Amino acid sequence: LPSPYGFWKPKSETKAECFLDETTGHGDKSSISMRNAKLGTIILDIPNVKGGDTYAVMFAAKGKSLDARVNWHTKTWWNRSQDDVGFVLGEPDADGWRTACSMVIVPEGVDVFSVLFTVKDKKNRPQIWVDDIHVVKLW
């Protein structure tokens, strides 16, 4: 995956893969894709944030069983005491892409947040794509 993206999957998901797909994109021919996973997450870490910072987070996504959210943490541990911020994806366009946008305010004590694109599907192994990911500090 290109920097700054990461990929997480359980050890049992031996066939799961995450990659730069140069054939499918939202208005172009490239996106980040995950396939062959019943459970897996594409991760985009946003470091060096501080409490009170406000960001706009926008993206386009395609595929089934996709959950997108922001998770708060420090450089050394995931903060389970802060609620994640979930996204509601819009209706699919003619090519199946859905867009989402949310404004997030960084809680006190947090210095990193992650935008997570997760597949959770116990029966199937769907392919998902994410593209046009923008994280913009507003103030």
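Strand β3 (residues 31–35) and strand β10 (residues 128–137) run antiparallel and are joined by three bridges; helices (H or I, at least four residues) and strands (E, at least two) are DSSP runs numbered from the N terminus, and two strands pair if DSSP finds at least two bridges between them. Within this pair, S33 has W129 as its bridge partner in β10. The structure is a predicted model, in which local features need pLDDT of at least 70 and side-chain atom pairs count only at pLDDT 80 or more, whereas totals for chains, interfaces and linings use all residues. Residues are numbered from 1 along each chain as its sequence is written, and side-chain values use heavy atoms, with hydrogens and water left out.

The pairing of β3 with β10 belongs to an open sheet of five strands, ordered β2-β3-β10-β5-β8 with antiparallel pairing. In general, strands of a sheet pair through backbone hydrogen bonds, either parallel or antiparallel.

The chain as a whole contains ten strands and zero helices. Its radius of gyration is 15 Å, close to the 14 Å given by the globule rule for 139 residues, so the chain is as compact as a globular protein of that length; the radius is taken over C-alpha atoms, and the rule is 2.2 Å times the number of residues to the power 0.38. The C-alpha trace spans about 40 × 35 × 25 Å along its principal axes. Of the 139 residues, 44% are buried, where buried means under 20% relative accessible area, exposed over 50% and partly exposed in between (1.4 Å probe, protein chains only). Among contacts (heavy atoms within 4.5 Å) between residues at least 6 apart in sequence, 73% join residues at least 24 apart.

T41 lies in strand β4 (residues 39–47) and counts as buried because its relative accessibility is 8%. Beyond residues up to four places away in sequence, T41 touches G6, F7, W8, M34, L116, F117 and T118. The side chains of T41 and T118 are joined by a polar contact of 2.9 Å, a polar contact being a pair of N or O atoms within 3.5 Å; within protein, one must be able to donate a hydrogen and the other to accept it, and residues adjacent in sequence count only if both atoms are side-chain atoms.

W97 is placed in the loop between β7 (85–86) and β8 and is also buried, at 4% relative accessibility. The residues touched by W97 include T24, G25, H26, S31, W129, V130 and D131, residues up to four places away in sequence not being counted. The side chain of W97 reaches the backbone oxygen of G25 at 3.4 Å. Although W97 and D131 are 34 residues apart in sequence, their C-alpha atoms are 9.3 Å apart in space.

By contrast, D83, in the loop between β6 (66–73) and β7, counts as exposed because its relative accessibility is 67%. The C-alpha atoms of D83 and W72, eleven residues apart along the chain, are separated by 8.0 Å.

Zero disulfides (pairs of cysteine sulfur atoms within 2.5 Å) are found in the whole structure. C18 is buried, with a relative accessible area of 15%, whereas C101 is exposed at 55% relative accessibility.
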